[in-house]
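Subject: Structure for your review

Dear colleague,

Please find the structure below, followed by an account of what was found in it.

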Amino acid sequence: MRLRSLKILIITHFLFVSVFLTVSGSQNNTIHLVTEFILLGFGNQGDTRGFFFSSILILYLLTLLGNGAIVCAVKWDQRLHTPMYIFLGNFAFLEIWYVSSTIPNMLVNILSESKAISFSACFLQFYFFFSLGTTECFFLSVMAYDRYLAICRPLHYPSIMTRKFCVTLICVCWVSGFLCYPVPIILISRLPFCGPNTIDHIVCDPGPLFALACVSAPSTELLCYTFNSMIIFGPFLSILGSYTLVLRAVLRVPSGAGRTKAFSTCGSHLVVVSLFYGTLMVMYVSPTSGNPAGMQKIVTLIYSALTPLLNPLIYSLRNKDMKNALKKVLGLTTIQN
């Protein structure tokens, strides 16, 4: 799966973006009077602070455990060294990074009195959160294409979805996801921020950042929202097209057992797509300007933290091979402990 090369890729992007934002921030001190933002998160309510912290921490640890178990299962079990499970292993690895781009800072923010986040740290979180989310959209599209080939073109599947082609698709997903957002982030970071500096959200999101800019930037807003819509709807339409062809092929299968097997193969992926895209579209496609900040925080928490937690359960409960591999991993862990 070349996970080591993917780690190097992400670390390289982290260093590049951090250096760039630091340099650009130092060059634009005359423009950016704001040097830090106040990320309100879930507020400063002392009675519920412990509840929010413990709940999100447990959710984060369970997400790391579940997705980490899938990565180990795919790596250690030779029976899972097929394109479908290699994609799933990379997807689980992606989910670990996805939740780690926001949850640790969210936990620190809950305990913090000042709730301050530096200008560079805010835009770094923006970059990684949206880049990893974009990569997830691409992976869901590629996984749907893989199911289309397996069901609609089963005889040609081994010759098309070779190991080399599989690795190429994985690399394209990772690289494309991390190359999509530098331009929008550069445009937003160059807007003048002269106060106030309070972001009533749990993450650094473009909507609140546009609202804090000292001048209106309709062209930049239009560009960013158009870009977001393309990132969301492009892979979504690809997934929709793949499963439309799959559904048409499945309905032509004469035996009920064959149809059931085909649907069970795609069922887990469809549930994950529905969870992720449902909340994503509520947040970034439907009009949310009239929604209260609390509702936006809940929706963001669902697609950024809850969905990655549910994915391992969805895939393992509906897949016998994955379930057996996970039992094997947990057994090895017990022996080692």
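Helices here are DSSP runs of H or I with at least four residues, numbered from the N terminus. Their axes are lines fitted to C-alpha atoms over the stretch in contact, and angles run from 0 to 180 degrees between N-to-C directions. The model is predicted, so local features need pLDDT of at least 70 and side-chain atom pairs count only at pLDDT 80 or more, whereas totals for chains, interfaces and linings use all residues. Residues are numbered from 1 along each chain as its sequence is written, and side-chain values use heavy atoms, with hydrogens and water left out.

Helix H3 and helix H5

The axes of helix H3 (residues 83-100) and H5 come within 10 Å and cross at roughly 165 degrees. H3 is therefore roughly antiparallel to H5, a term applied to angles over 145 degrees, while those under 35 count as roughly parallel. Their crossing is left-handed, meaning that the near helix is turned anticlockwise from the far one by less than a right angle; clockwise would be right-handed. Contact means heavy atoms within 4.5 Å; among the residues that meet are Phe-87, Glu-95 and Trp-97 in H3 and Glu-136, Phe-139 and Arg-147 in H5. The residues of this contact comprise 14 nonpolar, three polar and four charged. In this classification Ala, Val, Leu, Ile, Met, Phe, Trp, Tyr, Cys and Pro are nonpolar, Asp, Glu, Lys and Arg are charged, and the others, Gly among them, are polar.

Helix H5 and helix H7

H5 (residues 119-152) also packs with helix H7 (residues 163-179), at an angle of about 150 degrees and with the axes 7 Å apart. These two helices are therefore roughly antiparallel to each other, and their crossing is right-handed. The contact includes Phe-128, Thr-135 and Phe-139 of H5, and Leu-169, Trp-174 and Gly-177 of H7. By class, its residues are 13 nonpolar, five polar and no charged.

Aromatic pairs

Rings of Phe, Tyr and Trp (its six-membered ring) pair if their centres lie within 6.5 Å; planes under 30 degrees apart are stacked, over 60 edge-to-face and the rest tilted. The count comes to 24 aromatic pairs. One of them, Phe-139 with Trp-174, is edge-to-face, at 6.1 Å centre to centre and 80 degrees between the planes. Phe-139 belongs to helix H5 and Trp-174 to helix H7, so the pair ties together parts that are 35 residues apart in sequence.

Helix H5 and helix H10

H5 and helix H10 (residues 218-251) pack at an angle of about 15 degrees, with their axes 9 Å apart. H5 and H10 are therefore roughly parallel to each other, and their crossing is left-handed. Among the contact residues are Phe-138 and Tyr-148 of H5, and Pro-235 and Tyr-243 of H10. This contact has 17 nonpolar, five polar and one charged residues.

Yours sincerely

Terms used: Parallel < 35°, antiparallel > 145°, perpendicular 65-115°, else oblique.
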